[in-house]
Amino acid sequence: MAPLTPKAIIEGRTGNRPATVLIIGLVLAGVGALAVMGAYFYFDGAVHTVVATIMALPVGAIVVAGLLYLDRFEPEPPLKLLFAFLWGCGVAALIALVVNSLGIVVLSSAIGAAGGNLLVASFLGPMVEETLKGSVLLVLLWRRRDEINGVTDCVLYAGMVAMGFAVIEDVNYFAEAMGRSGEAALLTWIVRTLFGPVGHPAFTSATAVGVAYAATGRRGAKGVLAVIGGWCIAVFLHMSWNIGSSFGLPGIAVSLVFILGWIAVLVVLLVRDRRRLIGTIQQYLPLYIPSGIVSAPDIAMLSNLRSRRLARQQVRARLGVPAARAMADYQLAATELALLHASATTRTVTPQRFNFRQQGLTYLMGQARQAFTPPAPLPRGPYPYQAPSEPPHGRP
C-alpha cells in the first residue's frame, strides 16, 4: 500500500483516492443538475436558458468565493464542497421541481390556479426546499460527525448547497422573464442579483447552526431539538421572503428585516467560532512542544492568518516552492491536530479514529518541518578540530 499523501492525511482519509461513495454522489448529483437544465431547455428554450445561465453564474461564483474566504483556517475538502454545490443544483433542485410542480397541480385543481401557486410558493416550497438543502448537513452529521469542527464548517456546506440551488433557480427565473420581455428579464436580474445571494445561504445557514450545535457533543434530545429549531428558522425566513416578494418592495423590505437580523446573529456566531478555533490551537498544540514538531513561535504563527501567509511567503523566498508547500501542509496539519483534541474532549471522535489521525498528522508535521527548516549552518571562524600532536596509532 502506497503511503498516504499529505492531502489524504489532512483530510483524514484511509487511502489516497477519494471515497467511492463520494464519487458516486458527485456523478448522481451532476446527472441531476443536467436533468434540471434539460427541463429548462425544453420549457424555456435553448437560447433563453443559455443566456440565463450566463446571467446567473457570475453572482454565484462571487458568493462561493466569499464562502471559501471564511474557511481559510481549516479549509474543507474541495470534492465535498463540490458535492454540496452539485447536490443543491442537482438533487435538491430536481426533487423540488417535481414536488412543487405536483403541488401546484393538486392544489390548483382544488382551489384554483392562483391559490395553488400562492400556497406552493409561500408554504410548500420553502418547507420542501429547506428540507432538501439541509439533508446534506444531516448526512454530514450522521456519517462524518467528527469532521464538523464548529459553526463555520456547517455554514460553509450550507452556503455551498444553497448557492447551487440558487444558481440553477436563477436560470429558471431569468429564462422565464426573458420569455415575457426584456424589461422583465432586467428587473428580475436586478432583484435576484441584489437579494438572491443573501437569501438562500442565509436560510439554510439556520439549519447549519442547529446541526453544528448537535455535532459538537450535544447528543440525544438537545441535538434533535437544535436541528429541528434551525430548520424551523430556515423555513420561516424562506417563507417570509417568498410571501414578502408577492407584495412588492414593501413586502421585500419587511422580509429583509428578518433576514438581515439573522445574518447579524450569524456574523456574531462566526466571529466567536473563529476565536474558539484560535483558542483551540493555543490550548492543545503546546502539548507537542517536547516532541519538537512545534514550538512557541510556531503556535503564535498558527494563531493568525496574516502570520501564516507571511510564513509561507518567507519560506518560498528562501527555499523555493516545495518548501512553501510543506509549510502550508504543516499549518493545516497542526490546525487539524488541535481540532482533533477538541473533538476528543467532546467525545465526537472514537479512540481508534483519534489514534489514526494523531499518528498521521504528527508524522506529516515532522516531515514538513524538515522540508522548510534549513539545516544549521557550519560555525564560522577557526575550524574547531585540532590535529593531534602524534599520528594516530603511532603511524607516521
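By class, 17 nonpolar, six polar and 12 charged residues make up the lining of the second largest pocket. Here Ala, Val, Leu, Ile, Met, Phe, Trp, Tyr, Cys and Pro count as nonpolar, Asp, Glu, Lys and Arg as charged, and the others, Gly among them, as polar. The model is predicted, so local features need pLDDT of at least 70 and side-chain atom pairs count only at pLDDT 80 or more, while totals for chains, interfaces and linings use all residues. Residues are numbered from 1 along each chain as its sequence is written, and side-chain values use heavy atoms, with hydrogens and water left out.

**Second largest pocket**
- This pocket has a volume of about 920 Å³; a pocket is an open set of points on a 1 Å grid over the protein atoms alone, with protein on both sides within 12 Å along at least five of seven lines, and lining residues have an atom within 4 Å of a point.
- A volume is the space filled by probe spheres set on the points, and grid points are joined across faces, edges and corners.
- It is lined by 35 residues, and Ala-19, Lys-80, Arg-143, Arg-144 and Glu-147 are the closest to its centre.
- Helix 1 (6–11), helix 2, helix 4 and helix 5 each give two or more residues to this lining; helices are DSSP runs (H or I, at least four residues), numbered from the N terminus.
- Helix 4 provides the largest share, six residues.

**Largest pocket**
- The largest pocket has a volume of about 1,300 Å³.
- Among its 43 lining residues, Glu-169, Asn-172, Tyr-173, Glu-176 and Arg-192 lie nearest the centre.
- At least two lining residues come from each of helix 2 (20–44), helix 4 (78–111), helix 5 (113–143), helix 6, helix 7, helix 8 (221–245) and helix 9 (248–284).
- Helix 7 supplies the largest share of that lining, with nine residues.
- The lining splits into 22 nonpolar, 15 polar and six charged residues.

**Cavity**
- One cavity of 30 Å³ or more is counted, a cavity being a set of grid points where a 1.4 Å probe fits but cannot get out.
- The largest cavity has a volume of about 30 Å³.
- Helix 3 (46–70), helix 6 (151–180) and helix 7 (182–215) each give two or more residues to its lining.
- Helix 6 gives the most, with four residues.
- The lining residues are Ala-56, Val-59, Gly-60, Met-163, Ala-166, Val-167, Asp-170, Gly-196 and Pro-197.
- Six of these lining residues are nonpolar, two are polar and one is charged.
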